[in-house]
Amino acid sequence: MGLVTLEYVLRKARLGKYAVGGFNFFTLENLQGIAEGAARQNSPVIAMASTGAMKLFGEKTTAAIARTVAEEYGVQMVLHLDHCTDMEILKRCVDNGFTSVMIDASSKEYQENVDITAEAVDYASRYGCSVEAELGHVGGKEDDISVDERTAMFTKPEEALKFVKDTGIDALAVAVGTVHGFYKSEPKLDFPRISAIHELIPEMPLVLHGGTGVPEPDFIESIRRGVCKINIGTELKSIGVYETSRLAYLEDNGQDPRKVSKKVVKACADIVAHKLEVFGSVGKA
Ligand code: G3H
Ligand code: ZN
């Protein structure tokens, strides 16, 4: 076991009608927790690093650590660069052995999104690295926008068909009602839209971003309609890392940082293992 491509795990997920969890990591313990959760469930898993993390740790260090962690835990892991808007960082990740990258030009006009995404695909595919891109826009920070404005950013099925043909991507992130971060009110997913997109591009794995706070039945319904990758970030960061660290520090009175680290690994592993069960990927590695 070790690093595998996104294309490989999502092809199996699409045929097997389950989803693979994509989990953001910010620290070593966070990454170990992802690996431990996947090992516990004998499930494939996607460890997702952000562009910000690349600026902090560097692509070489991140790739070396992730490869080693995947091997040590004996898991089938995709090392994925999440939401990248910087082509130079994306290329460095490919050069250093990332097995998947997400180019995010979703805030641009259609043709510019296509051109940027196609450049990423051209580069990454030479090295066997998978590419995810986004069409429509999954919001999060635009809290004050109206429902109509939010709906205007949803992925249009006909445009998705054209986008996939124009770019050659391996996975498509769709805007269907989820947002990044904690929800202020109950999320309302546009299930008919997921089905409409899936019917036009049945072989393209669809990606659901903004998984934190989405009710479990909604995950199951999304998977039934064509979603193959589900991203979870905020829950791991806020509960798995920060809240667990805070409580462990207080409990130990700041004596032994290793106790904090161990608790973070376990808390992240528990979150990941549970999600993998909901996503139906247990035993699929
Ligand atoms: O790309 C990352 C995910 O979409 C994370 O979303 O932080 O709302 O769970 P989340
Ligand atoms: Zn996202």
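Let's start at the ligand: an oxygen atom of ligand 1 sits 2.9 Å from a polar backbone atom of glycine 181. That is a polar contact, meaning a pair of N or O atoms within 3.5 Å; within protein, one must be able to donate a hydrogen and the other to accept it, and residues adjacent in sequence count only if both atoms are side-chain atoms.

A word on the source. This is a predicted model, where local features need pLDDT of at least 70 and side-chain atom pairs count only at pLDDT 80 or more, while totals for chains, interfaces and linings use all residues. Residues are numbered from 1 along each chain as its sequence is written, chains are lettered from A and ligands numbered from 1 in the order in which they are written, and side-chain values use heavy atoms, with hydrogens and water left out.

Back to the ligand. Glycine 210 brings a backbone N or O atom to 2.8 Å from an oxygen atom of ligand 1. Threonine 234 uses its side chain: a polar atom there lies 2.5 Å from a ligand oxygen. Taken alone, ligand 1 exposes 300 Å², and the protein buries 95% of that. Those areas come from the Shrake-Rupley method with a 1.4 Å probe; for residues, only the protein chains shown count as cover.

Now the shell. How many residues surround ligand 1? There are 14, and the closest are Asp82, Gly210, Thr212, Gly233 and Thr234. Near means a heavy atom within 4 Å. The shell divides into 2 nonpolar, 11 polar and 1 charged. Here Gly counts as polar. Strand S3 (77-84) and strand S8 (227-232) each supply at least two shell residues. Strands are DSSP runs of E, at least two residues; helices are runs of H or I, at least four.

Stay on strand S3 for a moment. Histidine 83 is found there. Its phi is positive, about 40 degrees, although it is not a glycine. Most residues other than glycine have a negative phi. Buried means under 20%, exposed over 50%, partly exposed in between (1.4 Å probe, protein chains only).

Asparagine 42 also has a positive phi, about 45 degrees. It lies in the loop between helix H2 (28-41) and strand S2 (45-50). Asparagine 42 is partly exposed, at 38% relative accessible area.

Last stop: leucine 247, in helix H11 (residues 234-252). At 45% relative accessibility, leucine 247 is partly exposed.
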